[in-house]
Each structure stands twice: as structure tokens, then as C-alpha cells.
Amino acid sequence: MTDASHVLAALDTVRDPELDEPITTLGFVAFCAVSQDGVAEVRLRLPTYFCAPNFAFLMVADAYDAVSAVDGVARTDVVLEDHFASDQINDGVAARAGFTQVFHGEAVEELGQLRAAFLRKAVLAGTDRVCRPLLTAGAAAEDLAGMVLGEVPASADLDRLRSRRTELGLPAEDDAPLLLDPATGAAIGAEALPLHLRRARITRISLEANAVSCRDLFAQRYRSSLGDPEPIARPDRVGALGLP
Amino acid sequence: MYEKNGEKYYVVDSHMHYWNAARDNWVPGAEQYAKGWIECFHAYQGLGPAETHWPIEKFQKYSEGDLMKDVFEDGYVDKAIFQPTYLKEWYAEGFNTTERNAILAEKYPGKFILNTRWDPREGDAGLKRLEENVKRYGCKGVKLYTAEWRNGSRGWTLKDPEASRYLEKCQELGIRNIHVHKGPTIWPLDKDAFDVSDVDQAATSFPALNFIVEHVGLPRIEDFCFMATQEPNVYAGLSVVIGGLMHARPRFFAKVMGELLFWVGEDKMTFGSDYAIWEPKWQIEGLVDWNYPGDEFSDYPRVTTATKKKILGLNAAKLYDIEVPIDYQLQDQAGRQEAAVGVSEVEAPA
């Protein structure tokens with residue numbers, strides 16, 4: 001039988017595209033349950049009432065898709081709570097409507113471009129996460145220009161970088177260059193290297209600073225403990241969140 | 001003014017408000033937005049020190065007395081710049097209008113600089129209103145909020161051709177400083193509402209205007225910094241950076257400041273408390289005491305007393321032609337100032 005832990009595992013794969021972090025570790029999953037007849041119910045909440053509606057829509061739609069794909073789930077209900085566009089987004093996602101349909105007259109395109117733009121930011125941020133330990137360990141910046149991914153010691157950050165590059169259609173195998181332009185896929189030469197590393201660093205700082213601010217605002221909004229909230233939606237804690 | 005360890009700081013609070021978000025100002029039918037907006041602001045206040053938090057009732061509508069005490073008596077501020085935010089779809093008399101700010105500006109001469117605003121969707125009537133406001137209040141700056149909702153539209157960008165007409169009008173009227181606040185909504189909604197490329201375009205087209213990007217483009221400081229480094233007339237408004245990070249997230253505050261000092265530079269960063277989200281006192285005291293916490297920040301530009309004096313007031317004073325008492329100026333700046341005065345005195349008769 002499918003239980004909430006399977007649904008939570010599926011939700012672990014859904015990321016806030018703007019922060020490049022799973023919605024589960026960000027605490028955005030407020031409730032998650034599966035009934036005996038396979039109806040999955042998920043409730044999401046965000047740090048503010050006015051969080052950007054395009055990213056909110058992506059998270060709700062991605063959650064819907066991920067949960068619907070879980071074995072044994074017959075029906076999926078994903079509800080975004082406490083947001084200015086909750087009704088529009090919830091109804092639209094439930095009806096499998098696209099963003100331009102849901103926000104008819106207010107949107108020109110689906111959200112693929114937006115998602116790709118933020119994946120490129122995630123690649124840049126991930127580049128800093130992978131390169132900074134190498135630089136700290138004494139590698140010269142010039143050394144990085146000629147390196148391929150296979151020469152970098154294995155780490156979770158490296159796996160994450162490969163995964164984001166793959167999603168963007170960028171090379172991610174062992175023989176792929178460590179440093180490349182996420183927009184074009186071209187390798188970064190020695191001349192462009194200092195600026196590229198600076199860009200990677202500020203992009204990482206930006207994403208991480210936004211993530212802590214979102215956590216802080218979320219904690220203020222829902223009065224949970226301030227600081228980095230532990231993942232809220234682990235199975236052993238779901239009961240406390242209202243599992244029937 | 002603020003004094004610490006013998007150093008004197010002239011303080012310009014370049015981004016603050018006098019709002020009314022009380023229940024009786026909520027537009028019928030739009031109550032949820034009016035409530036959601038002020039509750040969101042109130043959550044931001046929670047990121048400051050606990051002893052500076054206010055109950056929501058006071059936060060919705062604070063008094064003239066609160067503002068004068070928090071900003072000038074306790075808050076060290078010499079000159080405060082009112083930045084209006086209208087939001088008339090949600091707040092009947094507006095959230096924080098030019099007129100509301102003008103009540104205080106007129107009552108306390110010399111304390112405030114009164115900025116106004118415009119919205120390109122208001123067409124010719126808006127241009128006329130801008131001109132009237134500038135004539136009536138002598139405004140030298142405007143605050144633009146691109147995510148303002150209006151008649152079913154959820155925002156606009158500086159790339160809109162209508163916006164150029166307004167920027168031209170600003171030049172004609174003698175407005176020099178354009179404060180821009182981005183996000184979280186825009187038309188079309190599928191685009192990133194925080195994107196700053198429209199500011200880039202406007203700054204290139206209007207080199208005589210200064211563009212102060214409030215909240216340093218947060219949550220897109222990387223985009224903002226790449227843009228600001230290429231545009232000599234783009235500035236970083238620090239409101240929210242100090243209020244939202246310095247106390248709650250000191251290590252991230254240090255990283256963000258380091259990046260801003262590297263990309264934008266200390267001559268183009270301006271302090272703003274964002275009052276009444278946060279009181280200026282703790283922000284000013286904290287910034288003057290602040291430095292990088294440890295070695296991992298060693299490749300960022302150094303922070304000196306001069307850096308802090310510029311950020312806290314001298315940079316904004318230049319943008320707004322505010323006269324800074326000589327012992328609050330930088331020493332070499334004061335020297336140059338004296339020389340310049342000397343020259344003009346000699347030249348005046350000719």
C-alpha cells in the first residue's frame with residue numbers, strides 16, 4: 001500500500017526553481033497524506049502572500065506531477081494555501097491547464113524559459129560550490145580552466161552540478177569541461193576565467209542569501225522556530241502536521 | 001548625526017515611509033491584499049532585533065510622533081527621504097502617498113526630502129500630475145514601483161515606451177534621481193518580475209538621470225551587480241540588505257556587502273532604513289560597528305570609516321545636493337570643498 005512516505009519522497013524531487021532547493025527541505029510542504037483508496041492530499045505554503053506567482057505555479061504543478069506518478073496514487077490533490085493567487089493556481093493545476101490559460105491575458109508564454117534561466121543560475125552557483133574547495137585546497141584559478149568533471153573529487157555538490165547541467169542539455173560526463181558558459185555550453189578559456197568565477201560566486205551567494213531570507217520570512221509567517229528549519233515533512237513528523 | 005570613537009557620521013536615510021495600512025483604509029473587496037501586504041512587511045520587521053519589533057496594530061498605522069522620535073530623535077538621521085508607494089487598488093487613500101508624506105515635510109522644514117512617483121499606465125493625466133507634484137513640492141526624485149497593480153494589470157517595466165515619456169518629463173522638470181523597486185509581479189506574468197534589464201536600458205538611454213535600485217535588486221543581486229558595474233549612473237540602495245540580513249544573517253550580510261563593494265563600489269551605495277519596516281537606530285549603530293567576520297572575506301574590498309561615512313550619508317547627499325557640515329565630510333573632501341569655495345569666491349566678481 002502507498003503511504004505518505006512515498007508521496008514525500010516524490011515531493012523531495014520538486015524544487016523551488018528560484019532557490020534550487022527541494023520544497024520539502026524548505027518547509028513548504030505543510031501537509032501530506034494518502035487515503036486508503038489512493039487519494040493523495042498535499043498542502044503547500046510559501047514564505048509570503050505575495051511570492052511571485054510564476055514560481056508558485058511551477059511548484060504546485062511539479063508537485064502535482066511528481067505525486068501523480070507515485071505507484072498506487074489514484075488521484076492527487078495539491079493545494080497552495082495563503083497566497084494571493086491560490087485559487088487561480090490550484091484550480092488551474094487541478095484542471096491540468098497551462099500557465100497562459102490560468103493567467104489568461106496576463107501571460108504570453110509557458111514557463112519553460114523562466115525555468116531554464118534559473119537552471120542556468122543553479123549551474124553557476126553549483127560551479128562555485130564545486131570550485132571553491134579546489135581553490136581553498138590550493139588549486140590555482142588557471143588550473144580550473146583546463147579541468148574536466150572526471151578530475152574533480154566525487155561529492156554531492158558535483159552530482160548536483162552534473163544533474164542541473166543534464167537538465168539544461170549541457171555536457172555532464174567525465175570528459176566535459178568543469179567550467180562552461182551555462183547559456184552556450186562553451187568552455188571557459190583562461191581569459192574569461194576570473195570574471196566567470198566571480199559570477200559563479202555571487203550567483204551562489206544570491207541564491208543562498210535568498211534561501212535563508214525565505215526561511216526567515218517563512219518562520220516569521222508561520223511562527224515556527226527561527227533559523228534553518230529542519231525538513232518539516234519527514235514521515236515521523238507528518239502526524240504532527242495533521243495526518244489522519 | 002551619529003558619533004562613534006571620535007568619528008562623525010552625517011546620516012541620510014534615503015528610503016523611508018509614512019504609511020497608513022489600518023483597516024479603515026482597506027478598499028472594500030480588496031481587503032485580502034491590503035492585509036496580505038502589511039502582514040508581509042511586518043514579517044520583514046521580525047528579521048530585526050527582538051526589542052525593535054512592533055505589534056501589528058501599531059505597525060499598520062504609526063503616528064507622526066513615532067516617526068519623528070524613531071527617525072530623528074533616537075535614529076540619528078539628519079535628512080530623511082520619503083519614498084511614496086501608492087497601492088490605491090488596495091488602500092483607499094493610498095498606502096504612502098506624496099500628499100501624506102508632504103504633511104510631515106511641510107510641518108518640519110529641513111528634515112525631509114519629498115520624492116514623488118509616476119506610473120506610465122496613467123498616460124497624459126499621470127504626466128500632468130507628475131508636473132503638478134514637482135511644482136508644488138519641489139521634488140528632485142521619484143520612487144517607481146513596477147509591481148503596482150492597476151486595473152487588472154500587475155505591473156510594468158521601464159522598457160515600456162510610455163515610461164520613456166515619463167523619464168523625459170523627469171529630465172525636463174529637474175528630477176535627477178529615479179529610485180526603482182522591482183517585483184514580485186509584472187506584465188507578462190511569465191517573466192521574472194525582479195529582472196533589472198529594463199533599468200539597464202533606461203540608464204543607458206538617460207545618462208543624466210541617476211537610477212538607484214532599491215533593495216539592491218534583491219532577490220537578484222547578481223543581475224543587479226552585473227548591470228551596475230557597466231552603468232556609471234546606477235546606484236545600490238541598501239534598504240532591506242541591512243534591515244533584513246545584518247541582524248538575522250550576519251554571514252550572508254557580510255558576503256552580500258562584500259559583493260556590492262566589489263561590483264558596485266562604496267561611492268555608489270546608499271543607506272536606507274526602510275522605516276517603518278525597521279527603525280534606523282540599530283541599523284546605523286550596527287553598520288558603523290560592522291566589519292567582515294573573519295579571513296574567508298579577505299578577497300573582498302576593505303571596509304573603512306570613509307566607506308561607512310559615504311554609505312550612511314555622503315553619497316546620498318551628493319545625489320540630492322544636501323549640504324553636509326564641514327566636520328562631517330571626509331577630510332580630503334573637506335579640503336577640496338574649502339578650495340572650491342575659495343575659487344568661487346575669487347571668481348565671483350568677474
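**Figure 1. Burial and overall form of chain B.** Of the 350 residues in chain B, 51% are buried; a residue is buried if 20 or more other C-beta atoms, placed from the backbone, lie within 10 Å of its own, exposed if 12 or fewer, and partly exposed in between. This is a predicted model, in which local features need pLDDT of at least 70 and side-chain atom pairs count only at pLDDT 80 or more, while totals for chains, interfaces and linings use all residues. Residues are numbered from 1 along each chain as its sequence is written, with chains lettered from A and ligands numbered from 1 in the order in which they are written. The radius of gyration of chain B is 20 Å, which agrees with the value near 20 Å for a compact globule of 350 residues; the radius is taken over C-alpha atoms, and the globule rule is 2.2 Å times the number of residues to the power 0.38. Along the principal axes, the C-alpha atoms of chain B fill a box of roughly 60 × 55 × 40 Å.

**Figure 2. Secondary structure and annotated domain of chain B.** Chain B contains 13 helices and 10 strands; helices (H or I, at least four residues) and strands (E, at least two) are DSSP runs, numbered from the N terminus. An unreviewed UniProt entry lists residues 12-322 of chain B as "domain: Amidohydrolase-related"; such positions follow the numbering used here, feature names are shortened, and annotations may be inferred rather than shown by experiment. Over residues 12-322, chain B is 42% helix and 10% strand, and the end C-alpha atoms lie 9 Å apart. Among the contacts in chain B with a separation of 6 or more, 76% join residues 24 or more positions apart; two residues are in contact if their C-beta atoms, placed from the backbone, lie within 7 Å.

**Figure 3. Surroundings of Glu7(B).** Glu7(B) belongs to strand S2 (residues 7-9) of chain B. Glu7(B) counts as partly exposed because it has 13 C-beta neighbours inside 10 Å. Phe72(B) is 65 residues from Glu7(B) along the chain, and their C-alpha atoms are separated by 19 Å.

Figure 4. Chain B has a mean pLDDT of 94, with 95% of its residues at 70 or more; pLDDT is the predictor's confidence in each residue, from 0 to 100. For the complex, the predictor gives an ipTM of 0.93 and a pTM of 0.93.

**Figure 5. Fold of chain A.** Chain A comprises 9 helices and 5 strands, which follow the pattern α-β-β-β-β-α-β-α-α-α-α-α-α-α along the sequence. The C-alpha trace of chain A spans about 55 × 45 × 35 Å along its principal axes. Buried residues form 45% of the 244 residues of chain A.

**Figure 6. Helix H2 of chain A.** The 16 residues of H2(A) should span 22 Å at 1.5 Å a residue, and the end C-alpha atoms are 22 Å apart, which agrees; the expected span is 1.5 Å times one less than the number of residues. Because 14 of the 16 residues of H2(A) are buried, the helix is largely enclosed by the rest of the structure.

**Figure 7. Contact between chains A and B.** The contact takes 29 residues from chain A and 30 residues from chain B. On the side of chain A that touches chain B, two or more residues each come from helix H2 (53-68), helix H5 (112-136) and helix H8 (193-222). H8(A) gives the largest share of this side, 12 residues. The residues of this side divide into 18 nonpolar, 7 polar and 4 charged, where Ala, Val, Leu, Ile, Met, Phe, Trp, Tyr, Cys and Pro count as nonpolar, Asp, Glu, Lys and Arg as charged, and the others, Gly among them, as polar.
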